[in-house]
Amino acid sequence: METADRFRAAVEKRDLAALDDLFTDDVRFYSPVKFTPFEGRPMVLGLFGVLLRTFEDFRYIGRFDGTAETSTDGSEAPSEILLFRATVGGKEIHGIDLLHFDESGRIKEFTVMVRPQSALRTLSEAVLAGLVADGLVPEPS
């Protein structure tokens, strides 16, 4: 899938601008640290800005493609899973990115899953701090 290749290259190069046209306007990003999705291209791009700064030694290590049911509306969509490894705050993370594509090949839904839980906690704290610093979410009370 061409979009997945472009996405992978942009993430590996930490090129936020290259991600802009890969997402639909109403993209939904399902995070392992937040129950409700991040919604809309501006918010998802802002989140990626934080993620690209937060992950250390990020690398994709495999991929699978096919179709899968989306969380948004239950429709079946062309999909790709990208397996990755990274480090955050000295903790190694193993994870997957599940990308669902619309009929034009743009990413309409994005789900991230990571392990282990201790690394997820470290990632969650770092991402929240980045989102607050960038003015994308309010400071927790």
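**Entry 1: strand pairing**

I began with β4 and β5, which pair in the antiparallel sense over 10 bridges. I keep in mind that this is a predicted model. I looked up Glu80 and found that its bridge partner in β5 is Leu99. The two strands form a hairpin with two residues between them, and Gly89 takes a positive phi near 55° there.

Next I took β5 and β6. They also pair in the antiparallel sense, over eight bridges. I noted Leu98 opposite Thr111 in β6, and Leu99 opposite Phe110 in β6. This hairpin has five residues between the strands. In its turn I found Gly105, with a positive phi of about 95°.

**Entry 2**

I then traced the strand order. The sheet is open, has six strands and runs β2-β1-β6-β5-β4-β3, with mixed pairing. Which strands stand at the edges? I found β2 (38-39) and β3 there. Each has a single partner strand, so one side of each is left without a neighbour in the sheet.

**Entry 3: helices on the sheet**

I checked α3 against the strands. It lies across β1, β2, β3, β4 and β6. Its direction runs at about 55° to β1. I then turned to α4, which packs on the sheet and touches β2, β4, β5 and β6. The direction of α4 makes about 70° with that of β5.

**Entry 4: the core**

I looked up the largest nonpolar core and found 37 residues in it. Phe7, Phe23 and Phe48 are those with the most contacts inside this core. I listed the elements that each supply at least two of its residues: α1 (2-12), β1 (23-30), α3 (41-54), β3 (56-69), β4 (76-88), β5 (91-101), β6 (107-115) and α4 (117-133). Which element gives the most? It is α3, with eight residues.

**Entry 5: α1**

I asked which residues of α1 are buried. They are Thr3, Ala4, Phe7, Ala10 and Val11. Seen down the axis of α1, these buried residues fall within an arc of 130°, so they line one face of the helix. After α1 comes Arg14, and I noted its positive phi, near 55°.

**Entry 6: Ser79**

I found Ser79 in strand β4. Is Ser79 buried or exposed? Its relative accessibility is 5%, so Ser79 counts as buried. I then searched for polar partners. The side chains of Ser79 and His100 are joined by a polar contact of 2.7 Å. A polar atom of the Ser79 side chain also lies 3.4 Å from the backbone nitrogen of Ala68. I listed the contacts of Ser79 beyond four places in sequence: Phe64, Asp65, Gly66, Thr67, Ala68, Leu98, Leu99, His100 and Phe101.

**Entry 7: Gly135**

Last, I went to the segment after α4, where Gly135 lies. I read a relative accessible area of 60% for Gly135, so this residue is exposed. I also took the C-alpha to C-alpha distance from Gly135 to Thr111 and got 23 Å. In sequence, Gly135 and Thr111 are 24 residues apart. Thr111 is the residue I had noted opposite Leu98.

Methods. Residues are numbered from 1 along each chain as its sequence is written. This is a predicted model: local features need pLDDT of at least 70, side-chain atom pairs count only at pLDDT 80 or more; totals for chains, interfaces and linings use all residues. Side-chain values use heavy atoms; hydrogens and water are left out. A nonpolar core is a set of buried Ala, Val, Leu, Ile, Met, Phe, Trp, Tyr and Cys residues joined through side-chain atoms within 4.5 Å. Buried means under 20% relative accessible area, exposed over 50%, partly exposed in between (1.4 Å probe, protein chains only). Helices (H or I, at least four residues) and strands (E, at least two) are DSSP runs, numbered from the N terminus. Two strands pair if DSSP finds at least two bridges between them. Contact means heavy atoms within 4.5 Å. Axes are lines fitted to C-alpha atoms, for helices over the stretch in contact, and angles run from 0 to 180 degrees between N-to-C directions. The arc is that of the directions from the helix axis to the C-beta atoms. A polar contact is a pair of N or O atoms within 3.5 Å; within protein, one must be able to donate a hydrogen and the other to accept it, and residues adjacent in sequence count only if both atoms are side-chain atoms.
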